[in-house]
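Trainee: Could you walk me through reading the side-chain features of a model like this one? I would like the general idea and then the case at hand.

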Amino acid sequence: MASGFKRVDEARERGLDHGAWVPLMLMYPEADIPVCQLSVQSKRDGNYHYNLGKALAPLKDEGVLIMGSGSATHNLRALGMADGIVPWALEFDTWLKDALLQGRYEDVNCYREKAPHAKMAHPWPDHLYPLHVAMGAAGENAKAKLIHHSWQLGALSYASYQFKSAS
């Protein structure tokens, strides 16, 4: 609340979404860690989610791993439409990589206006907003590092980034 967020709604009866469950299954196959999944707010923007991450940042000092899971490009209607990587997906993915590695987080927060083919790469923002939360949690001076990059079905980028705090 000190960060300007009014309240948190909790849904204990709901299980983990595949966006949380799949990476955690691979990272922690014994399922021996506590998990709290945060739902993105699709009607909000990148700045909202970045600020949400900033509000969560103090949890790192308590040993909490803050992880965002989505896709660098995510347009399921475009999967398999070409033999190689479709140009619009490659252009968006390259723009995102350059912006992150150059620390242009404000540009990433405003990706809808700044990135090429933003609406095609993300018809709905729910697979990109976890990145904004992770960026915000890392801190304004955090450095992004590309730790994995692969493509599937010509339009789905699995670019993965790690953020290191500058402190």
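This is a predicted model: local features need pLDDT of at least 70, side-chain atom pairs count only at pLDDT 80 or more; totals for chains, interfaces and linings use all residues.

Trainee: Which residues of helix α1 are buried?

Mentor: Buried means under 20% relative accessible area, exposed means over 50%, and partly exposed is in between, with a 1.4 Å probe and protein chains only. Helices (H or I, at least four residues) and strands (E, at least two) are DSSP runs, numbered from the N terminus. In α1, residues 18-27, the buried ones are Gly 19, Ala 20, Pro 23 and Leu 24. Down the axis of α1, its buried residues fall within an arc of 105°, so they line one face of the helix; the arc is that of the directions from the helix axis to the C-beta atoms. Exposed His 18 and Leu 26 sit on the face turned away from that buried side.

Trainee: How many aromatic pairs are there?

Mentor: Rings of Phe, Tyr and Trp (its six-membered ring) pair if their centres lie within 6.5 Å; planes under 30 degrees apart count as stacked, over 60 as edge-to-face and the rest as tilted. By this rule there are 3 aromatic pairs. One of them joins Phe 92 and Trp 95, a tilted pair with 6.2 Å centre to centre and 35° between the planes. Both residues lie in helix α3 (residues 87-101), 3 residues apart, about one turn of the helix, and both Phe 92 and Trp 95 are buried. Tyr 105 and Phe 163 have ring centres 6.1 Å apart and planes at 75°, so this pair is edge-to-face. It links distant parts of the chain, with Tyr 105 in helix α4 (residues 105-109) and Phe 163 in strand β4 (residues 160-164), 58 residues apart. Tyr 105 and Phe 163 are both buried. Phe 92 and Trp 95 also form one aromatic cluster with Tyr 111.

Trainee: Where is His 117 found?

Mentor: His 117 is in the loop between α5 (111-114) and α6 (118-121). Its phi is near 60°, a positive value in a residue other than glycine. With 36% relative accessibility, His 117 counts as partly exposed. Leu 153, in the loop between β2 (151-152) and β3 (156-157), likewise has a positive phi, near 55°.

Trainee: How many disulfides does the structure hold?

Mentor: A disulfide is a covalent bond between the sulfur atoms of two cysteines. The test is a pair of cysteine sulfur atoms within 2.5 Å, and the structure holds 0 disulfides. Cys 36 is exposed, at 76% relative accessible area, whereas Cys 110 is buried, at 18%.

Trainee: Is His 122 buried or exposed?

Mentor: His 122 is buried, with a relative accessible area of 3%, and lies in the loop between α6 and α7 (129-138). Contact means heavy atoms within 4.5 Å. Leaving aside neighbours within four places in sequence, His 122 has contacts including Ser 71, Ala 72, Phe 92 and Tyr 111. His 122 and Ser 71 are 51 residues apart in sequence and 9.1 Å apart in space, C-alpha to C-alpha.

How values were computed. Residues are numbered from 1 along each chain as its sequence is written. Side-chain values use heavy atoms; hydrogens and water are left out.
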